[in-house]
Amino acid sequence: TLFVNPAFRRQGIAQRLLMEAECQARWWAIGEMLLLVQKGNHAALKLYEKQGYVRMERTKNHASQICLRKNLFAPQNLHTVLPKLTVVDVEGR
């Protein structure tokens, strides 16, 4: 469970805690993380999806939760990890 006291939210603490958990998992050679989030917890869903977690298909076992998955060694959203390339046409074509 990841919880930040309401008085300290919106400061990037949850994001840093999540990143540290991912680093520890990689250190232990764990290839993926799975998270369960309550359906109505929109702030948590937004955070996890922003960090590259993808919603998994719902099953009857999920009840009122949404399951998210992230591959720690091969992110699904490579465009969020790779550097951006800018091409400049110096001849004005």
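Modeller: A residue is called buried when its relative accessible area is under 20%, exposed when it is over 50%, and partly exposed in between, using a 1.4 Å probe and protein chains only. Helices (H or I, at least four residues) and strands (E, at least two) are DSSP runs, numbered from the N terminus. This is a predicted model, in which local features need pLDDT of at least 70 and side-chain atom pairs count only at pLDDT 80 or more, while totals for chains, interfaces and linings use all residues. Residues are numbered from 1 along each chain as its sequence is written, and side-chain values use heavy atoms, with hydrogens and water left out.

The expected span of a helix is 1.5 Å times one less than its number of residues. For the 15 residues of H1 this gives 21 Å, and the C-alpha atoms at its ends are 21 Å apart, which agrees.

The buried residues of H1 are Ala 14, Leu 18, Glu 22 and Ala 25. Viewed down the axis of H1, these residues fall within an arc of 75°, so they line one face of the helix; the arc is that of the directions from the helix axis to the C-beta atoms. On the face of H1 turned away from the buried side lie the exposed residues Arg 16 and Trp 27. Cys 23 is partly exposed, with a relative accessible area of 43%.

The surroundings come next. The buried residues of H1 pack against E1, H2 and E3, where contact means heavy atoms within 4.5 Å. Helix H2 has buried residues of its own, namely Ala 44, Leu 45, Leu 47 and Tyr 48. Seen down the axis of H2, they fall within an arc of 160°, so they too line one face.

Strand E1 has a covered face, formed by Met 33, Leu 35 and Val 37, and an uncovered one, formed by Glu 32, Leu 34, Leu 36 and Gln 38. In a regular strand the side chains alternate between the two faces of the sheet. E1 pairs with E3 in the antiparallel sense over seven bridges; two strands pair if DSSP finds at least two bridges between them.

Finally, H1 is followed by Ala 29, whose phi is positive, near 65°.
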